[in-house]
Amino acid sequence: MKLQLRICHPVVVIALLSAGCSERAMTAAAAAVVLPDPAVDEPLAASKGQPAAVFAGGCFWGVDAVFKHLRGVTRVTSGYAGGSASTAVYDIVGTGRTGHAESVEIHYDRSQISYGQLLKIFFAIAHDPTELNRQGPDVGPQYRSAIFFASEEQRRMGQAYIDQLNAARAFPRPIVTEVAPLKAFYQAEPYHQNYVARHPDTPYIRVYDLPKVEHLRIQFPDLYVSR
């Protein structure tokens, strides 16, 4: 018997032989890692603020789901960053020739969670930052790992954490995450928004995305919220 998975790119389908291969085994490579807190971070604010962070880490469905379950996050939107407005369309981005990466825009309450804590979840849970121009079965520059910074402070914190993790050899391979200025963020089509919550029973979501949310719940119980 074969299990077919719909990959984030609409024309890519893979078949996984189920004999001797459980969904639990297939998610082993995506297991969360234990990382140190960022040495360079912003302090929690005395009052609520609504800044935004933009990260790319493979198919935006799973990254979106992880941050939607994070305490202090007020809104998460799936979209595109790195290219122009004219090419911020799913089928065009899927060609890998637009400069866009599938990304998420995360609005957060700075009195509850810091940018550094978002970075820690991004690297520990949301994706594998050592995979170049791919994430698991999804291949192409549109699935690259990236931090799109909106300020010099975000750039400094993002690069410092990458340097810290590489120096500590937190991963078996070097981190390949791009740190690039955010020129614009373009919201993806409505059917991509909150995709995991709306399609929890699809094979792709069960194998690649729901385990990330479970890793967050187990590894960061103080930050996890059920939505």
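These legends walk through several views of one predicted protein model.

**View 1. The whole protein, as an introduction.**
Of its 227 residues, 48% count as buried. The protein exposes about 10500 Å², and carbon and sulfur atoms supply 56% of that area. Look also at how the chain meets itself: among contacts between residues at least 6 apart in sequence, 78% join residues at least 24 apart.

**View 2. Confidence along the chain, with residues 1-30 in focus.**
The mean pLDDT of the protein is 89, and 86% of the residues reach 70 or more. Residues 1-30 are a stretch to treat with care, as pLDDT stays under 50 there. The model does have 57 contacts beyond four places in sequence for residues 1-30. Still, where pLDDT is low, the predicted coordinates should not be read in detail.

**View 3. Helix α2, residue by residue.**
Helix α2 covers residues 60-68. Follow the helix from F60, W61 and G62 through V63, D64 and A65 to V66, F67 and K68, and you pass buried residues. Because nine of the nine residues of α2 are buried, the helix is largely enclosed by the rest of the structure.

Is W61 buried or exposed? W61 has 2% relative accessibility, so it counts as buried. The side chain of W61 makes a polar contact with the side chain of H192, at 3.1 Å. Q193 also belongs in this view: its C-alpha atom and that of W61 are separated by 7.8 Å, although the two residues are 132 apart along the chain.

Which residues does E189 touch, leaving aside its neighbours within four places in sequence? They are Y80, V89 and Y90. For Y90 there is a further detail to find: a polar atom of the E189 side chain lies 2.9 Å from the backbone nitrogen of Y90.

Conventions
Residues numbered from 1 in each chain as written. Predicted model: local features only at pLDDT ≥ 70, side-chain atom pairs only at ≥ 80, totals over all residues. Heavy atoms only, no water. pLDDT = per-residue confidence, 0-100. Contact = heavy atoms within 4.5 Å. Helix = DSSP H or I, 4+ residues; strand = E, 2+ residues; numbered from the N terminus. Buried < 20%, exposed > 50% of the residue type's maximum accessible area, 1.4 Å probe, protein only. Polar contact = N/O pair within 3.5 Å; in protein donor to acceptor, adjacent residues only side chain to side chain. Areas by Shrake-Rupley, 256 points an atom, 1.4 Å probe, with all protein chains shown as cover.
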